[in-house]
Amino acid sequence: MLFDSHVAILLDTAVGLVNALTDGHQGSRPYTAPRGDALPAAIEEVLPGGVTVSMDEALYLASTALKVRRVFEAMEAGREDDAAAVVNALIISTGARPQLDRAPGEPWQVHFHGADDSISVGWSAGFASALTLAIGSDLGGRLGVCRAEPCDRVYVDSSRNAVRQFCSRSCQSRVKAAAFRARMSSGSGPA
């Protein structure tokens with residue numbers, strides 16, 4: 001296992017929010033993030049647990065998603081210092097702190113909370129803490145941005161051999177098909 005299960009959930013949720021809340025390209029198509037009244041519902045689709053998000057919380061989380069995107073982009077480009085600076089600023093702004101919590105009948109688990117326990121600050125503190133654990137270990141290189149042009153969606157590489165390069169199988173297939181067509185058109189395809 002690469003990441004503790006709680007950290008994996010936080011990173012996967014951060015990826016979901018970044019991909020849902022930031023403009024760019026999804027696969028080969030332009031992607032425009034939801035805005036206005038559609039923003040809380042888009043976030044509620046990504047956050048686990050069936051939470052309800054107010055507009056203020058949605059705006060806070062959309063701002064966090066932009067910062068987390070910068071972390072993934074910096075790590076992909078080999079700019080670890082830039083990524084660390086963004087994560088450190090998130091840790092400070094959220095007041096993230098580890099805390100042991102236990103649900104009835106469950107073992108103790110490490111959770112990360114913010115200075116206030118609102119949904120937006122709590123999740124943002126968790127994202128910052130999970131990114132801190134990834135970048136502060138040998139797992140920071142597993143934070144990636146899709147390499148299928150023009151896609152710019154982010155992902156966490158949880159493969160055993162750290163070989164993931166794409167946000168989805170769709171992007172991976174598109175790149176492989178394009179490479180195959182290029183080989184065939186240049187005459188270097190299978191005999």
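## A tryptophan on the surface

W108 sits in the loop that runs between strands β3 (97–101) and β4 (109–113). Helices here are DSSP runs of H or I with at least four residues, strands are runs of E with at least two, and both are numbered from the N terminus. With a relative accessible area of 51%, W108 is exposed. In this report, buried means under 20% relative accessible area, exposed means over 50%, and partly exposed lies in between (1.4 Å probe, protein chains only).

Together with L100 and V110, W108 makes a nonpolar surface patch of about 330 Å². Such a patch takes residues with over 30% relative accessible area and no salt bridge; nonpolar side chains (Val, Leu, Ile, Met, Phe, Trp, Tyr) are joined within 5 Å, and like charges within 9 Å. The areas come from the Shrake-Rupley method with a 1.4 Å probe, and for residues only the protein chains shown count as cover.

## About the model

This is a predicted model, in which local features need pLDDT of at least 70 and side-chain atom pairs count only at pLDDT 80 or more, while totals for chains, interfaces and linings use all residues. Residues are numbered from 1 along each chain as its sequence is written, and side-chain values use heavy atoms, leaving out hydrogens and water.

## Helix α1

How enclosed is α1 by the rest of the structure? Twelve of its 17 residues are buried, so the helix is largely enclosed. Among these buried residues are H6, V7, L10 and L11.

## Salt bridges

How many salt bridges does a search of the whole structure find? The search finds seven, each being a side-chain nitrogen of Lys or Arg within 4 Å of a carboxyl oxygen of Asp or Glu. One of them joins R35 to D23, with the closest N and O atoms 2.5 Å apart. This pair links distant parts of the chain, twelve residues apart: R35 is in the loop between β2 (29–31) and α2 (38–46), and D23 is in the loop between α1 and β1 (24–26). D23 counts as partly exposed, because its relative accessibility is 36%.

Another salt bridge brings R69 and D152 together at 4.0 Å, N to O. R69 belongs to helix α3 (residues 55–76) and D152 to the loop between β5 (143–145) and β6 (154–156), so this pair ties together parts that are 83 residues apart in sequence. R69 is buried, at 7% relative accessible area. D152 also meets R153 in a salt bridge at 2.8 Å, and both D152 and R153 are buried. With E73 included, R69, D152 and R153 are linked in a network of salt bridges.

## An aromatic pair

The structure holds one aromatic pair. W123 and F127 form this pair, which is tilted, at 5.7 Å centre to centre and 40° between the planes. Rings of Phe, Tyr and Trp (its six-membered ring) pair if their centres lie within 6.5 Å; planes under 30 degrees apart are stacked, over 60 edge-to-face, and the rest tilted.

Both residues lie in helix α5 (residues 119–135), four residues apart, about one turn of the helix. An α-helix has 3.6 residues a turn, so residues three or four places apart point the same way. W123 is buried at 17% relative accessibility, and F127 is buried at 2%.
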